[in-house]
Amino acid sequence: IAPSYRGQGFGQRLVQLLLEKAAPSGYPTAFMRVFPENTIALACYQRAGFSLVSPSEQEQYNQGQPIAYVWLQRDL
């Protein structure tokens, strides 16, 4: 979301629309990986209902990744 439009709910609405699109997939959970320094995105996803995965899951998911991403999840 462009900086001038942040804080107006557009990011959360976009996340909600994507989750609605993913819901019929049959998967019970949506996962998200985010660059650790992207605090704006992390805050948006957490406001949209995502929560951090456990430290052991973060470690597992980051194996073979180029950086240590922050991983989040949310039930669909």
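This is a predicted model: local features need pLDDT of at least 70, side-chain atom pairs count only at pLDDT 80 or more; totals for chains, interfaces and linings use all residues.
Student: Where is isoleucine 67 found?

Tutor: Isoleucine 67 sits in the loop between helix H3 (55-62) and strand E3 (70-75). Residues are numbered from 1 along each chain as its sequence is written, and side-chain values use heavy atoms, with hydrogens and water left out.

Student: Why is isoleucine 67 called partly exposed?

Tutor: Its relative accessibility is 32%. Buried means under 20% relative accessible area and exposed means over 50%, with partly exposed in between (1.4 Å probe, protein chains only), so 32% makes isoleucine 67 partly exposed.

Student: And what makes tyrosine 5 and leucine 52 partly exposed?

Tutor: Tyrosine 5, in the segment before H1, has a relative accessible area of 48%, so it counts as partly exposed. Leucine 52, in strand E2, comes in at 47%, and therefore gets that label too. Across the whole protein, 24% of the 76 residues count as buried.

Student: What makes the tyrosine 45 and phenylalanine 50 pair edge-to-face?

Tutor: A pair of aromatic rings is described by the distance of the centres and the angle of the planes. Rings of Phe, Tyr and Trp (its six-membered ring) pair if their centres lie within 6.5 Å; planes under 30 degrees apart are stacked, over 60 edge-to-face, and the rest tilted. Tyrosine 45 and phenylalanine 50 give 6.1 Å and 65 degrees, so they pass as a pair and land in the edge-to-face class. Both residues are buried. The count comes to five aromatic pairs, and ring pairs also link Phe31, Tyr61 and Trp71 into a cluster.

Student: How do you know that the charged end of arginine 33 sits over the ring of tyrosine 69?

Tutor: The charged end is 4.3 Å from the ring centre. The rule asks for NZ of Lys or CZ of Arg within 6 Å of the ring centre and within 35 degrees of the ring normal. The distance clears its cut-off, and the contact is listed as sitting over the ring.

Student: Which residues are closest to the centre of the largest pocket?

Tutor: First, the pocket holds about 330 Å³ of space. Of its 18 lining residues, Ile1, Arg6, Gly11, Ile40 and Cys44 are the closest to the centre. Lining means having an atom within 4 Å of a pocket point. H1 (10-22) and H2 (39-47) each supply at least two lining residues, and H1 gives the largest share, six.

Student: How do you know that the model is confident, and where is it lowest?

Tutor: pLDDT is the predictor's confidence in each residue, from 0 to 100. The protein averages 94, and 100% of the residues score at least 70. Confidence is lowest in H1, at a mean of 91, and highest in strand E2 (residues 51-52), at 98.

Student: What pattern does the protein follow along the sequence?

Tutor: It reads α-β-α-β-α-β, from three helices and three strands.

How values were computed
On a 1 Å grid over the protein atoms alone, a cavity is a set of points where a 1.4 Å probe fits but cannot get out, and a pocket is an open set with protein on both sides within 12 Å along at least five of seven lines; lining residues have an atom within 4 Å of a point. Grid points are joined across faces, edges and corners, and a volume is the space filled by probe spheres set on the points. Helices (H or I, at least four residues) and strands (E, at least two) are DSSP runs, numbered from the N terminus.
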